[in-house]
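Take each one slowly, and look at the model as you go.

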Amino acid sequence: MKKTVLLSLLSLAALSSVAPVSAQTPAVEVSPLSFNVGLTSDYRYRGLSQSAKGPAWSAGVDYAHESGLYVGTWISTIQWVRDAGGKGDAEVDVYGGFKGALTDDIGFDVGVLQYYYPANALKDAEMKNANTTEVYGALTYGPFTAKYSHSATNLFGYTDSKGSGYLDLAANLDLGDGYSVVPHVGYQRVAKNDTYSYMDYSVALNKDVNGLIYSAAFVGTNYKERNGVHSTWAGSGDKSLSGRGLVVSLKKSF
């Protein structure tokens with residue numbers, strides 16, 4: 001899910017970070033298309049495991065126009081829809097937006113994101129169709145980003161949850177030599193279903209080796225503190241999908 005927009009932002013950032021070309025050096029044309037594939041030990045989205053705390057693979061493609069307009073799609077294997085009574089085992093995200101600068105120091109990103117779960121038809125008493133549409137807006141200042149996502153439909157199947165919102169605060173701190181640290185904190189508000197609202201947090205250490213990104217992240221939520229129990233699905237047994245854990249992943253962009 002969330003990771004979808006981050007993949008898009010990373011792809012765009014990679015395009016914008018090309019070093020200036022001197023008058024004596026021929027310009028190198030950068031393709032507006034970028035691709036990515038990934039493998040993770042646990043697909044976490046907004047702190048919650050989407051893959052029943054098991055591995056997941058993903059792939060995506062992005063198109064970024066020089067005007068700032070962009071579109072993209074991203075797909076990942078998942079388990080939670082099946083565990084909630086549906087039959088789908090994939091998440092397909094389609095998104096588009098516009099990215100630009102307000103000042104020399106402040107950038108912005110606005111767009112819309114559609115989460116699609118083929119054959120999801122959930123059978124949970126409080127959740128039906130998981131397909132979700134969100135609109136989002138983000139501001140960046142140096143390495144810091146503040147982003148808000150607002151659901152234009154019910155949120156991931158929760159009944160009568162249209163108008164839910166997610167606030168995401170993050171930073172991408174360059175340590176040099178290809179290393180970076182990415183701290184994050186977020187708050188998911190589920191409209192008219194406040195029992196399911198919660199906070200999530202993570203700290204990731206990344207290493208970029210020629211476009212191959214190794215990552216180790218500590219991820220957690222306060223879901224149990226709010227609800228007394230961890231988030232679970234009938235099909236996932238006693239797995240604490242909202243519990244703290246270490247997630248390792250590998251992603252290649254090209």
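**Exercise 1.** Find what share of the contacts in the protein chain with a separation of 6 or more comes from residues 24 or more positions apart.

*Solution.* Start with the term: a contact means heavy atoms within 4.5 Å. Among contacts with a separation of 6 or more, residues 24 or more positions apart account for 52%. Keep in mind that this is a predicted model, where local features need pLDDT of at least 70, side-chain atom pairs count only at pLDDT 80 or more, and totals for chains, interfaces and linings use all residues. Residues are numbered from 1 along each chain as its sequence is written, and side-chain values use heavy atoms, with hydrogens and water left out.

**Exercise 2.** Classify the ring pair of Tyr45 and Phe156.

*Solution.* Step one: rings of Phe, Tyr and Trp (its six-membered ring) pair if their centres lie within 6.5 Å; planes under 30 degrees apart count as stacked, over 60 as edge-to-face and the rest as tilted. Step two: the centres of Tyr45 and Phe156 are 6.4 Å apart and the planes stand at 90 degrees, so this pair is edge-to-face. Together with Tyr115, the two residues form one aromatic cluster.

**Exercise 3.** Are Tyr45 and Phe156 buried or exposed?

*Solution.* Buried means under 20% relative accessible area, exposed over 50%, and partly exposed in between (1.4 Å probe, protein chains only). Tyr45 has 3%, so Tyr45 is buried. Phe156 has 9%, so Phe156 is buried too.
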